[in-house]
Amino acid sequence: LESRDWHQVQELAKSAQRDGALALTDEVRDLLRRVAREVAVSDGEAEQALRFSASAMDLAIEVSRRIREGSRRLSRAIVDANRLHASGNLLGARRLLEELLAQEVVPLYREIARNEWDELGL
Amino acid sequence: MSAWLRFVGGYWRLLLVVLLPGCISTNANSQQLMYLAQAGVECSPNDSTVSCCIKQHPGDPERCGATAPPKPEVEDTVRAAEAASEPAKGKEADPDDGYRDHCIDMYVLCQQRKWSGNCHDCLRYRQGQKQWPFDVCGKR
């Protein structure tokens with residue numbers, strides 16, 4: 001679990017913030033390039049950021065923020081939607097997930113929210 | 001069986017409320033657990049769910065109609081709780097209100113939705129990092 005890409009970027013962002021710098025190796029570039037795409041940062045924006053250590057650090061922090069905030073937003077929405085659904089409020093449950101979908105940009109989180117929306121509609 | 005019971009997963013939720021200190025604090029003792037279980041009650045006046053009953057009476061689950069889980073599952077969950085990592089520290093740590101219930105609810109959903117990945121591992125990650133690793137446990 002600890003070796004996966006998203007976790008690595010989050011750890012990278014933490015250590016960069018702590019140290020005030022990011023060592024921009026080829027491996028780090030590849031990791032950031034890969035994960036940036038997965039959280040909907042455009043390739044152009046990512047390549048621009050990966051030219052310098054300081055901007056790459058900002059990119060790592062932004063990618064980490066999207067992962068963290070999206071995860072919390074999604075888990076709250078899913079749990080709250082299931083509670084509403086269990087109490088008979090299907091419309092309210094679906095609305096919660098629709099509100100999340102209106103603001104979430106990370107494709108994985110959007111896919112999970114859509115699956116949950118479908119699940120609650122059954 | 002009601003929809004709510006299906007959601008909370010019956011005894012899984014009870015088991016985690018009682019045995020999962022990492023969802024509250026990795027250093028919490030049993031007295032703190034009991035206190036927090038009671039202090040954390042968020043039941044509406046008409047809430048007659050098993051979940052609410054368990055939170056109000058954490059030391060008496062049978063009063064709520066809950067049954068004890070099989071021993072191997074208890075042992076698994078205890079091991080998971082013992083292996084829980086320390087909470088994340090540093091600039092990225094920020095408030096995570098209600099995370100005790102979230103730990104439990106997300107674990108139960110992970111099991112019930114049959115998400116890919118190991119729900120126990122994802123629960124431990126959730127405890128340490130205060131975020132659910134949807135890239136590991138989220139898709140089917």
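Predicted model: local features only at pLDDT ≥ 70, side-chain atom pairs only at ≥ 80, totals over all residues.
Buried means under 20% relative accessible area, exposed over 50% and partly exposed in between, with a 1.4 Å probe and protein chains only. Residues are numbered from 1 along each chain as its sequence is written, chains are lettered from A and ligands numbered from 1 in the order in which they are written, and side-chain values use heavy atoms, leaving out hydrogens and water.

**Helix H7 of chain B**

- Helices (H or I, at least four residues) are DSSP runs, numbered from the N terminus.
- The buried residues of H7(B) are B:Cys119, B:His120, B:Cys122, B:Leu123, B:Tyr125, B:Arg126, B:Gln127, B:Gly128 and B:Gln129.
- At the N-terminal end, B:Asn118 caps H7(B), with a side-chain oxygen 2.8 Å from the backbone nitrogen of B:His120.
- After H7(B) comes B:Lys130, whose phi is positive, near 60 degrees.

**Aromatic pairs**

- Rings of Phe, Tyr and Trp (its six-membered ring) pair if their centres lie within 6.5 Å; planes under 30 degrees apart count as stacked, over 60 as edge-to-face and the rest as tilted.
- Over all chains, a search of the whole structure finds 3 aromatic pairs.
- The ring centres of A:Tyr109 and B:Phe134 are 5.8 Å apart and their planes are at 75 degrees, so this pair is edge-to-face.
- That pair crosses between chains, from A:Tyr109 in helix H6 (residues 107-121) of chain A to B:Phe134 in the segment after H7 of chain B.
- A:Tyr109 is buried at a relative accessible area of 1%, and B:Phe134 is buried at 1%.
- B:Trp115 and B:Phe134 also form an edge-to-face pair, 6.2 Å centre to centre with 65 degrees between the planes.
- B:Trp115 lies in the loop between helix H6 (99-112) and H7 of chain B, 19 residues from B:Phe134.
- Ring pairs join A:Trp6, A:Tyr109, B:Trp115 and B:Phe134 into a cluster.

**Charges over rings**

- A charge sits over a ring if NZ of Lys or CZ of Arg is within 6 Å of the ring centre and within 35 degrees of the ring normal.
- A:Arg4 lies over the face of B:Tyr125, 4.5 Å from the ring centre.
- A:Arg94 lies over the face of A:Trp117, 3.6 Å from the ring centre.

Terms used
Helix = DSSP H or I, 4+ residues; strand = E, 2+ residues; numbered from the N terminus. Polar contact = N/O pair within 3.5 Å; in protein donor to acceptor, adjacent residues only side chain to side chain.
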